2 protein chains.
Amino acid sequence: MKDSDFDRRTLLASAAAVGAGVLLPGAADAAARRVDVTAIRKAAEAGKAETVARLQEWIRHPGIAAEKWRVDESCDFTMGLLREAGFQMVRKVPTDGSPGIFATLDAGAKRSVGIYFMYDVKQVNPKEWTHPPFDATIFDKPGYGKVVTGRGAVNQKGPESTFLAALHAFKAAGRKLPVNLVLVAEGEEEIASPHFHQIVHTPDVMAALKGCEGVIIPDASQSETGAVEISLGAKGPMEFQLISSGEHWGRGPKGDIHSSLHAMVDSPVWRLVQALNTLVEADGHTPAIDGWFENVRPLTPREKALIIEASTKQSEADMKKAYGIKTWINDEPWPVALQRLAAQPTVNIQGLVSGYMGPGGKTVLPGRAEAKLECRLVPNQTFKEAEAKLRAHLIKRGFTDIEVNVSGGYDPTETAEDSRLIRAEKAVCARYGIDVAISPRQAGSWPGSVFTQPPVSVPAGQFGLGYGTGAHAPDEFFVIDSSNPKVLGMVDSAMAFVDLLYELATIS
Amino acid sequence: MKDSDFDRRTLLASAAAVGAGVLLPGAADAAARRVDVTAIRKAAEAGKAETVARLQEWIRHPGIAAEKWRVDESCDFTMGLLREAGFQMVRKVPTDGSPGIFATLDAGAKRSVGIYFMYDVKQVNPKEWTHPPFDATIFDKPGYGKVVTGRGAVNQKGPESTFLAALHAFKAAGRKLPVNLVLVAEGEEEIASPHFHQIVHTPDVMAALKGCEGVIIPDASQSETGAVEISLGAKGPMEFQLISSGEHWGRGPKGDIHSSLHAMVDSPVWRLVQALNTLVEADGHTPAIDGWFENVRPLTPREKALIIEASTKQSEADMKKAYGIKTWINDEPWPVALQRLAAQPTVNIQGLVSGYMGPGGKTVLPGRAEAKLECRLVPNQTFKEAEAKLRAHLIKRGFTDIEVNVSGGYDPTETAEDSRLIRAEKAVCARYGIDVAISPRQAGSWPGSVFTQPPVSVPAGQFGLGYGTGAHAPDEFFVIDSSNPKVLGMVDSAMAFVDLLYELATIS
């Protein structure tokens, strides 16, 4: 979407025409669908105020898994939203952590489509926010239009509300969905989904999912240029904390003591530094855990080609500016850096906590030191393998005293480029005239592997038009009415979901 | 002080008798002194309420150098206290940091004695305190007696107030001091005295100090068994922070970014871990900075003998219990561990700060990581040498991007065992029947080297009876009236300072 004179209204009209002519099997079906879609759009527009109010109320019902805060309340609220949107069966699925949700909408259709929701949100530091993060304030943001701000606005309640808006529009227009829906939701996405497999592997949930064409996680995937990237997969995370303590080690102090005693008392902090130092190579980024690359599959020629193609559609300068970065690893050129972004498994330190953390110094020998780490795994590494190798690596080097607390994680996910799901998504983008880049693998993670791997084994991926930003950061927001002609607002994005469901119902 | 039936009143009476008979040069002088001391004791007892109130008000005027908080106010308050105690000249000495104080009390005596005061206190976390840290609450503490609690109670305002109480008692009794006093005070002891040399090296301050028998830092040095350890020296500290940041490095992010980007973006946190890891040997405690041991002087046979003797007077079990420690470095036996405590120079990590520090994990690649460290130097290392070697060590290994912020420090200090100062201190303890251990070197630090080294070159050391604990910790307190017969209260401790001044006036 490079054309700065792009006119969305024109485009939408032509897209509808193209869609009707090219993508439907027969002229009669096409005509019927055109009538249906027109009615659904009218309903979506009429229901806009309710759609926005629903999203605001959802933001006002946060659940933060990392803090075990308001999780049950958020789960119950989400279940109510699903019932209102037309799911006939909505059931809470207990896990060893936050509860999940299983819901089905039987439209009497031939095909079924899976939907993944998360109802939890990332932690917040309210002091960093312009508007209180759970107020769901609506305001006009220059360059974007009418937006709602709040934690979860884009990650992931805005896109999920947009999908629900599509279902409400079907209902209000008195139209049946062209596919049946099987929805699973979790409340621990932000802590790396430690119990999501328990939800998906519940026998009737699994049976329902296995019958789906694929699983969609609603997303707001347009960039500010309107372009969309469709990912064929994502890395798998392993979240863990390494803790060194006098208490567990049996050496060093139990609590913080006067620093002068380090002359005769061991330091759990140095112990942690030495253990950490074994985890990456001297280059400061290549994982050095024994056997880490054993099952790593290099990028295929097709994957490399896709990345090189995608690199021409993304602005290196914009990304450097957005992230405050001067240079990539090894000063690599943009297409090479993007290949590394997709290909390299990582071991990252997210945080360090020990002893005195205020201004200046304070003369203590700390009794405890914690490093918060996370690995990102690539095919064909597995979460189970990674945990076992990490533990073996530390034990082999004598760090048996270091506590390894694996708090979440799952395998990387992959979906075939020629699956119906991906082809349907591309078709919808094409109808809207949207520039699509196919990314073989996101560097970030979502728990798609529980769908794409046995025993479920169906395609899965994020999809959705529209825009929002600020996930995991302050002032997260989601666009309701877009003032940028290249980017869709909430009603138009809901209609893209309507189109996708029709597409999935009929694509060969 | 091993006798559990020890009666302090009896002891004080006999000590006075012994002192009068043994330590004074002539019978007439002895008789005169006895009369003086009796009058001074009466005055000290009469002035007790004022002494305690003075200490409370001082605690209520804190100055925290690390936070640049209420420092000037605390300096002015301290200057007022000195004037009230009889110093005829009290002058503020500007430095590049907190101001210092220079004060003199001319008693027309032959000899002069230096006094070191600090008026700053350590940081506090009020939530950790039973009583607000700056309220100076007085209460009865079972096993101790009447105590005052607050930041600075023992470190160092309680002992300093006890010394001032001695001066007030001289004044109230209409007695001249047997020595002149030269006092220097600083407000940055708790940040390792970065500007104290500027105070001491002011020409008239230096001239006055050079004429002193030695410099005393008032202390409450009795243990709960009543025993006293007199230190002949102390290690020198070097406080510093190592900071790795994307901003300074030119690699990695400026702020915290999404952790998945570590696949293409360098990590300032790994960079810091790698730099840190070069600073100690694999044993986790021996400094590995290039050339670190070049000037380290091993313990002399006399120093070893003193430590072995002292080790019999200290309870290893009590110390392990107090600090929550199961074993010393290398599982060394108590006398060996105590030798290491005195002999080993250290590089200690006081704190680690980076990225996400709350519960669980959070998917960020931090833009900055800071380690708060401190070295303890032993003779003949110097602060200047240590800083130069640390910087050279990091530069040699390519860590030119790591910011080295040396926030304070000074040389180790040593005073001869046969100096008048040490002999006078021992004599006072002997008169009180107090068990004395001579420690060749404290593992902790105080800026005595500015006195003991050229250009001043006079003996210097902590001294004082009485008890308090909790320096740098919550619920710090200082004993006013001791319910433990082995430990002196504030009035008796003030009288020990009176005795010390007489001793220093006459000792050959």
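**Overall architecture**

Chain A contains 16 helices and 20 strands (DSSP runs numbered from the N terminus, helices being H or I of at least four residues and strands E of at least two). This is a predicted model, in which local features need pLDDT of at least 70 and side-chain atom pairs count only at pLDDT 80 or more, while totals for chains, interfaces and linings use all residues. Residues are numbered from 1 along each chain as its sequence is written, and chains are lettered from A in the order in which they are written.

The C-alpha trace of chain A spans about 85 × 50 × 45 Å along its principal axes.

Of the 508 residues of chain A, 56% count as buried (20 or more other C-beta atoms within 10 Å of the residue's own, with C-beta atoms placed from the backbone).

**The interface between the chains**

In total, 73 residues of chain B are in contact with 73 residues of chain A (C-beta atoms, placed from the backbone, within 7 Å). On the chain B side, β12(B) gives the most, with nine residues.

**Strand pairing across the interface**

Strand β12 of chain A, residues 346–355, runs antiparallel to β12(B) and is joined to it by five bridges (strands pair if DSSP finds at least two bridges between them). Val353(A) has Val353(B) as its bridge partner in β12(B).

Conventions:
A residue is buried if 20 or more other C-beta atoms lie within 10 Å of its own, exposed if 12 or fewer, and partly exposed in between; C-beta atoms are placed from the backbone. Two residues are in contact if their C-beta atoms, placed from the backbone, lie within 7 Å.
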